[in-house]
Amino acid sequence: MNKKNQEWNLQQKNFVLPVCLLLVFLTIAVTLWLTKGNMFYLFNFSYIGISIALGTLLTGILPKRIKQRGRLVTQFLVGSYMIFFLGVYGKENMQMEGFFFYLFMGVFIGATIHYLVAKIGGTLIFGRGWCGYACWTVAILDLLPWKQPKEGRIRHLSWFRYIHFFGSLGLVLYIMFVLQKTPQLESLEEMYWFLIGNVVYYIVGFLLAFFLKDNRAVCKYFCPIPVVQKIGSRFSLLKIEITQSKCVECFACERVCPMDIKLLDYMYAGKRVLSTECISCTACIHVCPTNAIDYTAGFDAGLAEYLRYRDEPVATRKNRKASIPPNQSSSM
């Protein structure tokens, strides 16, 4: 076995991002604690910050062959906290419908804070990092054997995410403004809605993963959360970047990408990976044999989504490279 696959990487740069992430969450924790006068916020965001920082640190320093275990640590620490402490013990509906209910009621509690911070505001910094590092649904689904999709996406099926999103919104509007009912906060009704919703997600997730041989199929075709995440993630500060001078075009990064992103197409265009489908899982970074891929900070945005679909003919490397005009401007 390659010696590098067994060595811990304790370089200073691997500690920078975890420390920065921890400081961001501690700042949010202290700010909300002081402004709201509630110790829950101090505990909540400190715990999440420590969990994310720990997973990010482990992902950076663990031997290459087991780096993805660091991400699993964060997924299970955050996911179990959200389900059991906030959902079951706290009886909060952390589903999309719960967020809509609380938002229209003007209630600033766990679900509202979670969505506004992690899934809306946070995307401007981390993109869809929540999906890669903290989602409790895929924390389980990522244990299935189909981590690397073989055949690409099914074109247009992702539109179901939008149907799901607006269906959830319409259901909440109907209950609140037509039936004129509002949920009782922290009630058994809220807990049951949350638990039943999660059971549905897991069932659909397992079925999609099994039939499509893709652990992340539920993210691509069913989950409504990306509808709001994709807006801010287009402008996120942190993105994947491929250094073309180091790249040997082995396409190992694209083979391991769970979201079927044509990563090298962004490199050919002289851009960072601007796809709003990127979940910042960093699998591409760890598989690169020449260390050509990194997670960098910058200010850029784009509309092009270079994704691999099942119905596309297999393009030659030369045709792919020639089909994308290089970008003359550089990212900050």
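Among contacts in the protein between residues at least 6 apart in sequence, what percentage join residues at least 24 apart? The share is 77%, where contact denotes heavy atoms within 4.5 Å.

The structure is a predicted model, in which local features need pLDDT of at least 70 and side-chain atom pairs count only at pLDDT 80 or more, whereas totals for chains, interfaces and linings use all residues. Residues are numbered from 1 along each chain as its sequence is written, and side-chain values use heavy atoms, with hydrogens and water left out.

The protein comprises 16 helices and two strands, these being DSSP runs numbered from the N terminus (helices: H or I, at least four residues; strands: E, at least two). The radius of gyration is 20 Å, close to the 20 Å given by the globule rule for 332 residues, so the protein is as compact as a globular protein of that length. This radius is taken over C-alpha atoms, and the globule rule is 2.2 Å times the number of residues to the power 0.38. Along the principal axes, the C-alpha atoms fill a box of roughly 60 × 45 × 40 Å.

Of the 332 residues, 52% count as buried; the classes are buried (under 20% relative accessible area), exposed (over 50%) and partly exposed (in between), with a 1.4 Å probe and protein chains only. The accessible surface comes to about 16300 Å², and 67% of this area belongs to carbon and sulfur atoms. Accessible areas come from the Shrake-Rupley method with a 1.4 Å probe; for residues, only the protein chains shown count as cover. The mean positions of the 35 positive and 20 negative charges are separated by 6 Å. Lys and Arg count as positive and Asp and Glu as negative, while His and the chain ends are not counted; each charge is placed at NZ of Lys, CZ of Arg, CG of Asp or CD of Glu.

An unreviewed UniProt entry lists residues 15-34, 40-60, 72-89, 101-118, 159-179 and 191-212 under "transmembrane region". UniProt positions are given in the numbering used here, feature names are shortened, and annotations may be inferred rather than shown by experiment. In the model, residues 40-60 are 100% helix and 0% strand, with end C-alpha atoms 30 Å apart. Residues 72-89 are likewise 100% helix and 0% strand, and their end C-alpha atoms lie 23 Å apart.

Individual residues were then examined. S51 lies in helix 2 (residues 39-61) and is buried, with a relative accessible area of 3%. Beyond its neighbours within four places in sequence, S51 is in contact with T74, L77 and V78. A C-alpha separation of 23 Å is found between S51 and M96, which are 45 residues apart along the chain. F84, in helix 3 (residues 68-89), is exposed at a relative accessible area of 55%. F84 and Q180 are 96 residues apart in sequence, and their C-alpha atoms are 30 Å apart.

L173 belongs to helix 9 (residues 159-178) and counts as partly exposed at 32% relative accessibility. With neighbours within four places in sequence left aside, L173 is in contact with F104 and V178. The C-alpha atoms of L173 and F210, 37 residues apart along the chain, are 34 Å apart. Q229 is placed in helix 12 (residues 225-233) and counts as buried at 0% relative accessibility. Not counting residues up to four places away in sequence, Q229 touches K119, T123, R128, W130 and C131.
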